[in-house]
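Hi there,

Here is the structure I promised to pass on. Have a look at it first, and my notes follow below.

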Amino acid sequence: MAVDRTPVLKRCRSLALDPVYLGIDKKSNRQARRGRKLSEYGLQLREKQKAKFIYGVLEKPFRNYYARAERMRGLTGPNLMTLLELRLDNVVFRLGYGRTRKEARQIVDHKHITVNGKIVNIPSYQVKPGDVIEIAENKKGSQRYKDIIEVTGGRMVPAWLEADQENLKGIVKELPTRDEIDVPVNETLIVELYSK
């Protein structure tokens, strides 16, 4: 499996991205170098790289998400963001059961998550409205989750999710709209890039 091993803060600096969107509280002391003005293609490419980096998706799966978003009813850009937001690892992060998106992905990989009572270890699994996402029963008493909830307890859970922090359980109430997705990505530039 391919893994992006680029230092996170360095990558955030190059993409002009705040590390908070990844769940990281650190700030880089260094300033991004001021280079030449980006071309139109450069801006579009940066937006795509930003979306891929935030959600931890590589190029081929990202292209598949785009193709799926194109086939869906409605605008391609918001559809793409909705598909990315409905990934299981992202939902676990949004519910506050992982401090960072990478940690949420690892929690899913290690079979600590159940969807509707069945263990799912695929981070890209697409959740649907009505799905119940829960930490597996044998892992609920773990000190790890007590520590995570202590750190993420103050994090706002989006309106399209319902979280029960006591029972480490969450429900997907509805599909997220673009207004409810607080990711600093201009998806229209991604659509322009792929439609060339």
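Asn90 is found in helix H5 (helices are DSSP runs of H or I with at least four residues, strands are E runs of at least two, both numbered from the N terminus). Asn90 is buried, at a relative accessible area of 2% (buried means under 20%, with a 1.4 Å probe and protein chains only). Leaving aside residues up to four places away in sequence, Asn90 touches Tyr55, Leu84, Glu85 and Arg101 (contact is heavy atoms within 4.5 Å).

A word on the source: this is a predicted model, where local features need pLDDT of at least 70 and side-chain atom pairs pLDDT 80 or more, while totals for chains, interfaces and linings use all residues. Residues are numbered from 1 along each chain as its sequence is written, and side-chain values use heavy atoms, without hydrogens and water.

Now for the sheet. Its 5 strands form an open sheet, ordered S2-S1-S3-S5-S4, with antiparallel pairing (two strands pair if DSSP finds at least two bridges between them). At the edges are strand S2 (118-119) and strand S4 (161-164), each pairing on one side only. Helix H5 (residues 88-95) packs on this sheet and touches S1, strand S3 (132-135), S4 and strand S5 (169-172). Strand S1 (residues 113-115) is joined to S2 by 2 bridges, and Val115 stands opposite Lys118 in S2.

Finally, Asn90 and Phe62 are 28 residues apart in sequence and 15 Å apart in space, C-alpha to C-alpha.

Notes. Axes are lines fitted to C-alpha atoms, for helices over the stretch in contact, and angles run from 0 to 180 degrees between N-to-C directions. Buried means under 20% relative accessible area, exposed over 50%, partly exposed in between (1.4 Å probe, protein chains only).
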